[in-house]
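Trainee: I have a model to read. Can we go through the terms one by one?

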Amino acid sequence: DNSLIIIYRHHYPISQNHNKPIQKLLPHKITPYKNPQLQPLPFFLHLPAVKRRLNHTCHGEIHLLPTLLHLLRIHTKHYLQFPTHLLSKHHHHLLPFRNPHYLSPKYTSIHGKYYHTNTPQTITPT
C-alpha cells in the first residue's frame, strides 16, 4: 500500500542505425521528421497516493531525479535543476536529445530544420 513502483527505459531508445529493420514493422517511412517521434521513453509510475491517469508528456531520463525527489518529499528549493518533475503542473514539455535536436508538443527540431510536431512540413523560425 505504501510502495512506489517505477518502470522506465533508460537512455536513447532507438538508434538511427536500426531504422532499416524497424521500417519493416511500421506502416510509414522513417524520415528525419519521424525519427524523433520514436524516441520518447516509456515511464510507468504506481504510487497509491497519486490518482490514476495517463499522461502523454515529453520527458527523458533527466526528469527522473526531480520526479523521485518530489515523490519522496525531499525539498529541492536550494538545488539548481534543469528539468522539472513529471507530475508538476509547471512541467516543461521539452525532450532534448544528446545532439542539438529536440521534440516538444508544438515544435520539433532535427538536422537544422524545424517542424510543427503534428505535421511533416518544415517551417521557418520567425
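Mentor: We take the terms in turn and test each against its definition.

Mentor: This is a predicted model, where local features need pLDDT of at least 70 and side-chain atom pairs count only at pLDDT 80 or more, while totals for chains, interfaces and linings use all residues. Residues are numbered from 1 along each chain as its sequence is written, and side-chain values use heavy atoms, with hydrogens and water left out.

Trainee: What makes up the protein chain in helices and strands?

Mentor: Two helices and seven strands. Helices are DSSP runs of H or I with at least four residues, strands are runs of E with at least two, and both are numbered from the N terminus. The order is β-α-β-α-β-β-β-β-β.

Trainee: Why is isoleucine 74 called partly exposed?

Mentor: Its relative accessible area is 39%. Buried means under 20%, exposed over 50%, and partly exposed in between (1.4 Å probe, protein chains only). So isoleucine 74, at 39%, is partly exposed. Isoleucine 74 sits in the loop between helix H2 (64–71) and strand S3 (95–96).

Trainee: How do you know that strand S5 and strand S6 pair?

Mentor: Two strands pair if DSSP finds at least two bridges between them. S5 (residues 107–110) and S6 (residues 113–116) have four bridges, in the antiparallel sense. Therefore they pair. Isoleucine 110 stands opposite lysine 113 in S6.

Trainee: Which strands form the open sheet, and in what order?

Mentor: The order is S3-S4-S5-S6-S7, with antiparallel pairing. S3 and strand S7 (122–123) are at the edges; each has a single partner strand, so one side of each lacks a neighbour in the sheet.
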